[in-house]
Structure formats: C-alpha cells, structure tokens
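Hello,

Here is the structure I promised to pass on to you. Please open it beside this email and follow along as you read.

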Amino acid sequence: MEEAIVVGFVDVGESDRILRLLSASRGRFSASLRGARSARGRSAGVLEPGTTIRFRAGPGNRDLVRLTSPEIVASPMRPREDLGRAMALAYGLEVASSLAPEGHDGERLAGLLAAWIRLLEADAPPTDSRRVAFEAKALTFAGLRPSLDVCGRCGGAIDGAAATFDLEHGGAAHASCRGGAPVASEELHILGRLLRAPMELAVERPSDVWRLARLIEHHLGRALRTRGVWAAVNDGEAKEVAWSR
Ligand SMILES: [Zn+2]
C-alpha cells in the first residue's frame, strides 16, 4: 500500500475524477478514480483536497496511476469550518505540490505538507509567521533554499553589509553587487530563524511577509493562485493582495 495527499482534482465525464496527489515516493502525480463522484460514505471523502489516502496502484501507466480501493487515513476537519484555515490549506497544497518534482522524490515536501495540515488541525491559527516558515522550508526541500547570509551573486558573506533581496539570484546579495531591492539585515536574520524554526513555534514577523512567496513565484515562473485569497482572509491583510512584482 502507498500513501499520498490529495492536492486537487479534475472531473472527467459523468462520474470519474482525476486526482492530483503528492507522495513521498512519486512526488506530484495524477491518478484516476472511477466512479468517484457517485461514491458514498467513507469513499466520498477521497475527493477532498487535503485528505491523506492509502491505496494500491492498479494497472495503469506512468503518467496516470489507477487507484484501486483507496482508504482515508486522515481528512482535515477544521478547515471545513474556518475560512482562514481553509485558505491556508489551499495555499499549502498549492505551494508544496507546485514545488514537488513530477513522478519521483517527494519525500520532504510530502512530509512538510503533512506537517502543515496537522498544524491546521491544531489550536494555533495560521499566521503570516507560520506561513513564511512553511515557505522557507518548502523552498529548501525543493532544492531552492533561499540564500540569506551569503551573496547570491558573488558568494561572499553578507555579514552586516548593505544588502538587497534579488529574486534572480535566489535571495540576499550585496548592495555593491547590484540587483534586487534593498533589504535590512535584521529582515534576513528573521527569515533565517523562520527557516529553522518548527512551524508551530514561528512567531517572528518579517516586515515584508510575502518576500519568500515572491521567490517561490519567481522559481515557478507564475503567480500562486491561492496567495491573494490568503492575504484577504488571514491576518486582515487584504491590502497585500495588490502586490508589486
Ligand atoms: Zn556579492
């Protein structure tokens, strides 16, 4: 049996559904589930993004796994009752699955996403600090660890020198190396501590709470669909929706 987290779905025909999933061994992948939309009872929950399922892969092909008799391992409950948690769940699913490789090697990102989902079931609310900690880890586990104490341009230590945040070079750079927008060294230190902190203990708040989200978007080459919704419902930051790139 394998385990995977449902990150999205597409309906096909009258009753079938293609699930988008993230798992440790397969990374991001697609799977067909016949009759999924007419399913009742426990199996109906297999449709919900954020659900962890256990399954056997039936005969299929590399691009589309066929799920046979999937079972629910865990299904997030609190995001169904709380809009902020629902948006945080959607955001986590998008970030982790977008950064995961297709078809292989999803262990660390699948583990991080599972931890994020557990956090949303716990009492601590999703805050910008916890989200930034999640983003820093997601980038790191995708092999895109943000550079925070070393210049992405020349490789030298930042060490308190005037710095910029340069998306092209994956994070901090010396102001003298040119590129990016100025960033305070304390801001880089906060991001570094959030990268290392357990998400549930992350409380420090960078002055720009979307810096790492922009870095993720830069790596993906597109905007994160769920980011504006987070900004609208969590921490009362609707004004952040109209970000500048
Ligand atoms: Zn430099």
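First, two notes on reading it. Residues are numbered from 1 along each chain as its sequence is written. This is a predicted model, in which local features need pLDDT of at least 70 and side-chain atom pairs count only at pLDDT 80 or more, while totals for chains, interfaces and linings use all residues.

**Two domains**

The protein chain is assigned domain 1 (2–74) and domain 2 (78–241); such bounds come from an automatic or database domain assignment. Their centres, taken over C-alpha atoms, are separated by 28 Å. Where they meet, 15 residues of domain 1 are in contact with 18 residues of domain 2. Two residues are in contact if their C-beta atoms, placed from the backbone, lie within 7 Å. On the side of domain 1 that touches domain 2, the elements giving two or more residues are β1 (2–12), β2 (16–23) and β3 (27–33). Helices (H or I, at least four residues) and strands (E, at least two) are DSSP runs, numbered from the N terminus.

**The nonpolar core**

The largest nonpolar core has 63 residues, and Leu21, Leu22, Ala96, Leu109, Leu113, Ala138 and Ala172 have the most contacts inside it. A nonpolar core here is a set of buried Ala, Val, Leu, Ile, Met, Phe, Trp, Tyr and Cys residues joined through C-beta atoms within 7 Å. A residue is buried if 20 or more other C-beta atoms lie within 10 Å of its own, exposed if 12 or fewer, and partly exposed in between, with C-beta atoms placed from the backbone. Helix α1 (residues 83–99) gives the largest share of this core, 10 residues. Both domain 1 (2–74) and domain 2 (78–241) supply at least three residues to this core.

**The barrel**

Five strands make a closed barrel, running β1-β2-β3-β5-β4 with mixed pairing. Strands pair if DSSP finds at least two bridges between them. The twist averages 50° from one strand to the next. β1 and β2 run antiparallel and are joined by seven bridges; Val6 stands opposite Leu21 in β2. Helix α2 (residues 107–121) lies across β1, β2 and β4 (52–58), at about 100° to β2. Axes are lines fitted to C-alpha atoms, for helices over the stretch in contact, and angles run from 0 to 180 degrees between N-to-C directions.

**The open sheet**

Three strands form an open sheet in the order β7-β6-β8, with antiparallel pairing. Its edge strands, β7 and β8 (181–183), each pair on one side only. Four bridges join β6 to β7, and three bridges link β6 and β8. Find Thr164: its bridge partner in β7 is Ala173, and Thr164 also stands opposite Pro182 in β8. The hairpin of β6 and β7 has four residues between the strands, and Gly170 in the turn has a positive phi of about 75°.

**Helix α5**

Which residues of helix α5 (residues 211–220) are buried? Arg211, Leu212, Ala213, Leu215 and Ile216 are. The buried residues of α5 pack against α1, α3 (128–141), β6 (163–166), β7 (171–174), α4 (185–196) and α6 (227–233). Just after α5, Gly221 takes a positive phi of about 75°.

Enjoy exploring!
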